[in-house]
Structure formats: C-alpha cells, structure tokens
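Biologist: Could we go through this model together? I would like to begin with how the chains are put together.
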Number of protein chains: 2
Amino acid sequence: MDKIKRERWKRKFGEWFSENIENAGIIDIRYPIKGTYVWLPYGFKLRKHLIDLLRRLHNETGHEETLFPLLIPEQEFMKEAKHVKGFENEVYWVTHGGIEELNVKLAIRPTSETAIYPMFALWIRSHKDMPLKIYQVVNVFRYETKSTKPLIRLREITTFKEAHTAHATKEDAEKQVKEAISIYKKFFDELGIPYIISKRPEWDKFPGAEYTTAFDTIMPDGKSLQIATVHNLAQNFSKTFEIKFEDVNGEQNYAYQTCYGISDRAIASHLALHGDDLGLCLSPEVAPFQIVVVPILYEGKEEAVNAHLKKVLKILENFRIHIDDRNETPGSKFYYWEKKGVPLRIEIGPKDAEANAVTVAIRSNGKKEQVKLEALSLHLKNTILEIKNTLRERAWSFLSEMTSSALSLEEAEKILKRKGGIIKTSWCGKKECAEKIENELNVRLLGINEEERKKGKCIACGEETESVLNIAKAY
Amino acid sequence: MDKIKRERWKRKFGEWFSENIENAGIIDIRYPIKGTYVWLPYGFKLRKHLIDLLRRLHNETGHEETLFPLLIPEQEFMKEAKHVKGFENEVYWVTHGGIEELNVKLAIRPTSETAIYPMFALWIRSHKDMPLKIYQVVNVFRYETKSTKPLIRLREITTFKEAHTAHATKEDAEKQVKEAISIYKKFFDELGIPYIISKRPEWDKFPGAEYTTAFDTIMPDGKSLQIATVHNLAQNFSKTFEIKFEDVNGEQNYAYQTCYGISDRAIASHLALHGDDLGLCLSPEVAPFQIVVVPILYEGKEEAVNAHLKKVLKILENFRIHIDDRNETPGSKFYYWEKKGVPLRIEIGPKDAEANAVTVAIRSNGKKEQVKLEALSLHLKNTILEIKNTLRERAWSFLSEMTSSALSLEEAEKILKRKGGIIKTSWCGKKECAEKIENELNVRLLGINEEERKKGKCIACGEETESVLNIAKAY
C-alpha cells in the first residue's frame, strides 16, 4: 500500500496550498482585511520553532537581537532617494492620531533600514564599535496591489527577520555577506528547503543596495519563490544617515553596511515542498508536535493500555509530543493528524501492551512497524534524523528535476510549457536582452548564478558569454 | 561596608529611572518619535525571559498562543459603541497605501477585541467549542497626549500580552476572571513585584467591560502604577460581534467573555522596584545573565587562572552566564555589571585558583564570599532562590510601608504629602463623593479593595459603609 501520492499536490498546487494550510490549522484566511491572516495555535507553534531556529543561527554567529519601533517619521523614511522610490507605492501611512491630524506623517515599516540607521549613527563612533551585528523579528507591511496569497504575498508580513550590520572596511562587509549566505544555507538545510542562489540584476536589486543576492526555491507548480535576500549596502545608507566613524588611522569614514532578510515565505515553502496528497508533512525540526500518541482503547482492555501508556510517556519525555485522547475513532484521529503533518504517530493498543511495544507510523512514507519499548528511544531519535534527511533529499531532487538548461528562447519556452521550473541559460548582461527574455518568455530574471561559469551564447542576441543566468516564472 | 543605599532611588526616582534604564542598556530613548523606544540587546533578553514566563503561565492553564493582524478595519473597530468612545481619542489611523487613499480606514490596534471577536464569531458554534482561551503577545498603539515615559506611558506599547476567552455560562466567565487573577499573582510573585488588587469604579472600567479588576503597584516615588487588568466582558461584545452558540439545551445564546492584559509596565516595575543607588538589580528569574564571570589575571598567573576558569565553567553549565574577558580593570567591570543588575558575580583570581574556589558576590546585598568548587553548584542554586525571595520580600515590605489608612480627607492629605503611596479609606460608592475625593486630594480612585471589608464612614459624605477604597496619586 503506497499511501504517499503527490499528484494533486503538483497538479493543483494553488488549491492544495490554500486548503491544507487551513485544514491543518496553520492560519485562518477569513480576517476582514485582504492580505492579512490569523495565526492559529497549531500554526503559531510551527512558526515559533522556525523563529527559534533562526534566532539560534543568528545568536551563535554574534548577532544580537533588538527591537525597533514600527513607525518611521516621514523625514527619516524619505532620506534615501532610491530607497524611497523602491517603496513609495507600497508604504502604509499613518496620518491621524485620534481625531487629530498628525504634524508628521508616519510610515509603517515596510523594512527597517530607515528606522535603524539613525540609531546606528548614534551608536557608532569608532572602528572599535564595529562590527555591529543586530537583528529583529517583526511584522512589516506592504500595500500589495497584486493579488495576495497566504504566507506568500501579504500586506502584513507577520514574520520578518531582518539583520543589519555595519563594518569598518569594505572587505568586512563582503565577509558579512558570505556569513549571511552561510547562515541562510544552514537554515534552509535544517528545514529541508532546497534553493538556488542568484545575484539579482541591477534593476531588480534592493532599493539602495550595491548588489543583492537572493535565494529562490521552486514551488510544486513550477513557479519560483524568493525566500531570502542578502544585500551589500556599501556606503549608500551610511552616507545618507551620517554613520561615520574614526578608522584605525584616526580618519573619519562612512561605515560599510549589509542587511539580509527572511520572511513568512520560509514557512510557506516548508509547508509547500514537503506536502503530499494527504496534506502537510512537517519536518521534526519545527513540527509543533514531533509525535502524536494515540491510545487505542477496547472495552475491558483500558487498564492495560493506560498502564502501558504511562510507561511509554516516560520514554517520550525528550520529544515534543501530543496525546490524542479525544473520544473519536482511531481512524479519524489518524486522518486528522496526517493532514496536520505530524512526523510520527505512536499507536498504543492492547496488542502493543501485551508485546511491551508500540506501533510507530511515519507520516512521510506511510510505513508502520512495531517497536519494543527497550529500543524505542533510540529508534525514535534515528527515525527523526532519517525523516529530516529524507524530506530534504526529496525536496532537493524535486528542485533538480525542475532545473533545466536551455540554449535558445524556443527551447526555454518549451521547457516552461512542459514543466516550468528554473532554467539556466546564457545572457550577455545587457538590459535590452534581459527585456527581450522577460517579454518573450514571460519570466523573471532571477539573476546570475555565481556558482557556475559556462561558455555559451546570449539567448537574446547571440553574444558570447560565460555567465549563467537563472530564469523562472516567479511568484 | 554597606554598599546598598536606596536614597537617590527614592528621592529622585524619575531621574534614577531614566538614567538607569539607559545606562544599563535596556532601551535607547533617542528614537525620533515621542513615546517610542528601541530595545537594546540586554533589555531585549530581559524582556524575552519575562515574556517566556508569561507564556509558560498561560500555556500551563490551557491558553493557546495565536497572532492576529495589527490593523483593524474601521467598521469593525466602530461596532462596539462604548469601546469606540473609550479609544476614539487615542487610535492611530492608517489612511493611505502608497499614494492612494484607502477605501476603508484602518485602525492600528490599541488592543485587539475588535480584531479577535469577529473571528470568535466564526469559530464558536456550540458550547462544545468553549471554553476558548487564547492569547497573543504583540505591540499596541495609543496616541498619548500626556507626557510619555519609557516603559510606562508609551505610544508604541511593544509588549502587550492580551488574553481573550469565551465561555458558555456566566459562571464559567466568573471562574475565568479568578484564574486570570491567579495567573497574574503568580507572574508578579515570580518577578517579586508587589501589588494591590482593586475593582475599578464604574466610570474607570475598560470600555465595553461589565467590570474591571486591576493590579496596581507603588513606585519608589510613592505614585501608583497600574500593571495588569482583568475584565469581565459579560455578553457586551458577543452581542455586538454576534458570537452565538447552541447551548446544552439546544438553544442559541451569546457567549460570555473575559479578557486580561499585561504590558511593558511589568518590566518597568521590575526594574523600578528592585533597584538601588548603584543601578538596576534584577531577579535571577528574568535576568539576561544570572551570573557574570570575571577572570582576574595577574601577569605570570594567567595559566593557572585560565585552567581554573575552565573547571568553573563546567559547573556553571546550567546557569545563564556571561564571561567578561574584556581588557579592562576588574574594578571597572564590577561597576559595569552592578549598574546592569546582574544578580551574581563570580571572580576568579590566582588566590581562588590556589584554593580551588571562586569568590561569589551578590548584587542585591553587596556580600562577597569565597566558595569551594565542590560546594559551588548547590551554593549558587540556593543563593539564586534566596535572592529571588529577598527581592520579593523587600519589595512587599516597601509596598506595606507605603500603604496607609485614613479616616478623613485631612488625614489622607497629610499622608499623601508626607509619603504618598496607597491609602485605604471608606467610600459610600456615590459618584459625587468620588469626585470630591479626586478633586480635593488630586488622587485616582483605584477602586474597591475586594479582599477587605471594614466598617467606616465615607470620607466625602460621612455615610456608613463597609467598602474599603484604595486611592493613590497615580501614574
């Protein structure tokens, strides 16, 4: 019996996604403002584990957590011209306090550079004050005019981890970009989310950045989703916000900065990429419960099962568990927790009690086996590791299936029609060629794949180049 | 040598407070919007431990954590007339998205009843769906026109824990009010914050509530500070938001609701009440670091000290510690961490290494003693408990010192002039008498002390009553 099918998941991903995040109790989509949603208790727990993981990775690399105000005075927000231009159509403005009109309009942060850097200017005096590496996990807002989508395209991004750093030299900022990329790799690896890294084209970089490196993944429907960005800001913001310091030679210089962010989309891609036709399938790393325990009570056998249950619970002390003792049939409980994606189910029935064992079912492959109590703790530890690895490998092989190469626009078009995904191709770097590619294929140029070099001809103009370009139809 | 003085702390509390929360690195008060501040890394850690404690107390009593949107559509916000009236002067309104004017104005939550209850109406169908007990920890906003004060009177309240519950009967809601009070008692007891509980007068209850029970504490300057409120909402909101259910008899009824909240003021009162003339003095329960370790290195002895340090660190594995190995004098380090209020300091010098011991200094009483390594772990555990208890007892005896009784307006006035604090007195319950008391004494009627009954005469009109009224000059 192979329970694990991924047909509807792939063919009707849009429906699958909305249905399952709601059925599983992740969020409620009925809140009466477009693009804003309610985190339900189960989803909130998942989110919390994911944020804790992010926190750990930042703390252990010397980042310190802070919290800056939500509101930004108009004059600060308006300081960095390119930054303003990038956000002017999507910032929410607060204009009234009570019935009074405010003297100074307040922007609700779409991201916090302009809230944080005025404080950096106060904190940084000398090269000894750097590196300064802080982060915060906050909600940010974008007035999205495109159609919104839970966890993917939001007006309130409820989970935005943004890190901001300042350095005394250009080299240190470069190193920081590399550290950020390595933190994000670890983060996505822990979650089993595959990614491709691209340097965004000039016109698609973060407003105010020198350059932007982005992580994209591929959704089941073949469309790419940006899941993280890392920006080298050089001295662009430090010049605007007067973040000056005395360098080792006693001279005044502007700080070199970086910033990098991850959002609710990390949660979206975790939910999307590990799912199947039965529903969600969470990694034990962040699952609200790693194990659901279902006692199976037959009349006359309750006492034996309950006594056995007690012994089992002792063994489970170091796992995140939930005991489902509702008055429902075992079958309906199994179904309920399968949809919610709990990685492991432990059934405890009269036969398990007799055998001094439990029955362990694995959500991700549908396998079920009886395990003796004396072997249980080790078995679960190993199985949890195995599940984590298997989910990651399956997701990576999906990404690899969905990654193709194309030597011409025609070839690219065929691939896009057939299966979508990411296409690696060649591009000379000229904007007019980029526009041609975008327009003819209706794709996004994710950017240059810096990990690869390959001789080829620009698919728009035929010019020779060694740059590898990643393109995809994108969310 | 008695290092522990609390003179300036009491006499110049306002200055003491602003200075010390900044000197200790709790928040930065220089953010360019009045009444909004930046949580610095050290303060953020303190805040996190405090929130974790709140979470634990809510989770273990069956509350589930959720997260609702920040923005509330005008029509929802405007539904409950009394609620609107209570907040109409202090709500921030978002009117523009980008350069477009929004069709529907959005309120930034000053509290979340009107965001949450439309969802309750969708979630609750039957008495079986209740009790419904949720909470969230979020930022809320009030357009304060009075002068703002860090952590105490804010425009962005960064830490607002609000719980919301729905019940099938009036009795269940009453019980929930009691549970909320008992959770808050535990919370403040863990933090060592003393409190007095009052039932607020009719005109001072939460807008839309049936009645409001509040926790107040006394600041070092003798003014009271509201630190928690618990509201029985009866069916007021459920009727407005159509939160209906089928009861056990198959009849439709409106849910009975409660809500209760705690804010940044819990942090403010923790910082204020345990401090002294040296600076902050944190409880080990929530201190970012319970112990700061200061190695004292003399030339030629570094190796012995460092080897000893390693052994000590093994013993400290189960405590939250920070090792201060900066290139500064021990004296300046001691001073630095005293201001920040770290409960314990462990000094490790050559003599400690020789004696296979460390020197342990206690921040709250200035005592210092050498402790052998074999006894260290137990010694620290006991000392931490002792510190927690001592801080709590000292704060409670301060509250008791600052609590008086008065039989007449004149007597009350004298006490208020001499030392401020809370005054227990008698009041007949009439509004005109309340106004007289407020106006003549320039105090706030905190409300009826429901834990006490005492025969007396209303200090305004002389009418006999058994109600005990708490009054104070209030923040």
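Modeller: Contact here means heavy atoms within 4.5 Å. Please note that this is a predicted model: local features need pLDDT of at least 70, side-chain atom pairs count only at pLDDT 80 or more, and totals for chains, interfaces and linings use all residues. Residues are numbered from 1 along each chain as its sequence is written, chains are lettered from A and ligands numbered from 1 in the order in which they are written, and side-chain values use heavy atoms, with hydrogens and water left out.

Biologist: How much area do chain B and chain A bury between them?
Modeller: About 4,500 Å², with 67% of it on carbon and sulfur atoms. Buried area is the accessible area (1.4 Å probe) that two parts lose on being put together, summed over both. On the side of chain B, the residues that lose the most area to chain A are B:Tyr31, B:Leu67 and B:Pro69, together 13% of what that side buries.

Biologist: How many salt bridges does the rule find across the interface?
Modeller: Two, a salt bridge being a side-chain nitrogen of Lys or Arg within 4 Å of a carboxyl oxygen of Asp or Glu. A:Lys45 forms a salt bridge with B:Glu64, and their closest N and O atoms are 3.2 Å apart.

Biologist: Changing topic, is A:Glu113 buried or exposed?
Modeller: A:Glu113 is buried, meaning under 20% relative accessible area, where exposed is over 50% and partly exposed lies in between (1.4 Å probe, protein chains only). A:Glu113 has no salt bridge, and A:Arg142, the nearest side chain of opposite charge, is 7.3 Å away.

Biologist: What is A:Glu113 in contact with?
Modeller: Leaving aside neighbours within four places in sequence, the contacts of A:Glu113 include A:His83, A:His164 and A:Cys259.

Technical notes:
Lys, Arg positive; Asp, Glu negative; His and termini not counted.
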